[in-house]
Amino acid sequence: ATQEGLTDAERSELIEEAKVAAREQKYEDKIIPFEDTDDDHWATEAIKNIADRGFVSGEGSGESYNPGGATIWPAALKIVMETAELGYNNNGDTGVREWDGHPWGKGYLKSAQDNGITIVPKSNVNKEITRAELAELIVQAFKIPYENTDVQTFRDTSARHPYFKAIQTLNAKGVFNGSDGKARPDDSLNRAEVATFMNNVLEKL
């Protein structure tokens, strides 16, 4: 027992309750964007910048962002289309039945089609988007000319990778950053990572 007569477990429980109460208050005071993105979370600033512009929203009742949650293609497409100001087009048929399970996403798919974006999958749409796929989606949505393609910046991403040019382009612009000399192009992105990616887009492009 501690000097206050509490066990370590009881003390830890009280500390956690205090942290939760503090987060809830900061959320109410609009200091943090969501209850689960406290001001010491590495991605809070990026998430807040994106959320303040209406490009992302919370899950469920909207109070939690779930920063470590997976980002499937429809969710990623929404964020990119909104950030690129290409919007939502609910008129006309996309011709892609696989998207019927995401009625809120079909308008973004139609807008993508209207704007010549070809990377959006027509099947397996619930798959998590990868770092390389998001790079190519951004390049297509913002109509960014390829650059910096005569060199290989990351040792795990050669010119043979289908989205090598997009990765090199966004790296040159400071949007796509690797670590330890690797791009990890085929790693999936969680919600915090996508928000950080798109915040880089807003700041750099």
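Leaving aside its neighbours within four places in sequence, with which residues is leucine 202 in contact? The legends below take up this question and others.

This is a predicted model, in which local features need pLDDT of at least 70 and side-chain atom pairs count only at pLDDT 80 or more, while totals for chains, interfaces and linings use all residues. Residues are numbered from 1 along each chain as its sequence is written, and side-chain values use heavy atoms, with hydrogens and water left out.

**View 1. Leucine 202 and its contacts.** Beyond four places in sequence, leucine 202 touches Ile50, Arg53, Phe55 and Thr83. Contact means heavy atoms within 4.5 Å. Leucine 202 sits in helix α7. Its relative accessible area is 28%, so leucine 202 is partly exposed. The cut-offs are under 20% relative accessible area for buried, over 50% for exposed, and partly exposed in between (1.4 Å probe, protein chains only). Glycine 174 is 28 residues away from leucine 202 along the chain, and their C-alpha atoms are separated by 11 Å.

View 2. The chain holds seven helices and zero strands. Both are DSSP runs numbered from the N terminus: helices are H or I with at least four residues, strands are E with at least two. A box of roughly 65 × 45 × 30 Å, taken along the principal axes, is filled by the C-alpha atoms. Of the 205 residues, 42% count as buried. Among contacts with a separation of 6 or more, 62% come from residues 24 or more positions apart. The accessible surface is about 10,800 Å², and carbon and sulfur atoms own 44% of this area. Areas come from the Shrake-Rupley method with a 1.4 Å probe; for residues, only the protein chains shown count as cover.

**View 3. Salt bridge between arginine 191 and glutamate 59.** The N to O distance is 3.6 Å. The pair links distant parts of the chain, 132 residues apart. Arginine 191 belongs to helix α7 (residues 191-204), and glutamate 59 to the loop between α2 (44-52) and α3 (73-83). Arginine 191 is buried because its relative accessible area is 13%. Glutamate 59 is partly exposed, at 35%. A salt bridge is a side-chain nitrogen of Lys or Arg within 4 Å of a carboxyl oxygen of Asp or Glu. The whole structure has eleven salt bridges.

**View 4. Arginine 97 bridges to aspartate 93 and to aspartate 100.** With aspartate 93, the closest N and O atoms are 3.0 Å apart. With aspartate 100, the N to O distance is 3.2 Å. Salt bridges that share partners join Asp93, Arg97, Asp100 and Lys106 into one network. Aspartate 93 is exposed, at 53% relative accessible area. Arginine 97 is partly exposed at 47%, as is aspartate 100 at 37%.

**View 5. A negative surface patch of Glu24, Glu28, Asp29 and Glu63.** Patches are made of residues with over 30% relative accessible area and no salt bridge; like charges are joined within 9 Å, and nonpolar side chains (Val, Leu, Ile, Met, Phe, Trp, Tyr) within 5 Å. Glutamate 24 lies in helix α1 (residues 8-28). Its relative accessibility is 34%, so glutamate 24 counts as partly exposed. Over the chain there are 23 positive and 35 negative side chains, and the centres of the two sets lie 9 Å apart. Lys and Arg count as positive, Asp and Glu as negative; His and the chain ends are not counted. Each charge is placed at NZ of Lys, CZ of Arg, CG of Asp or CD of Glu.
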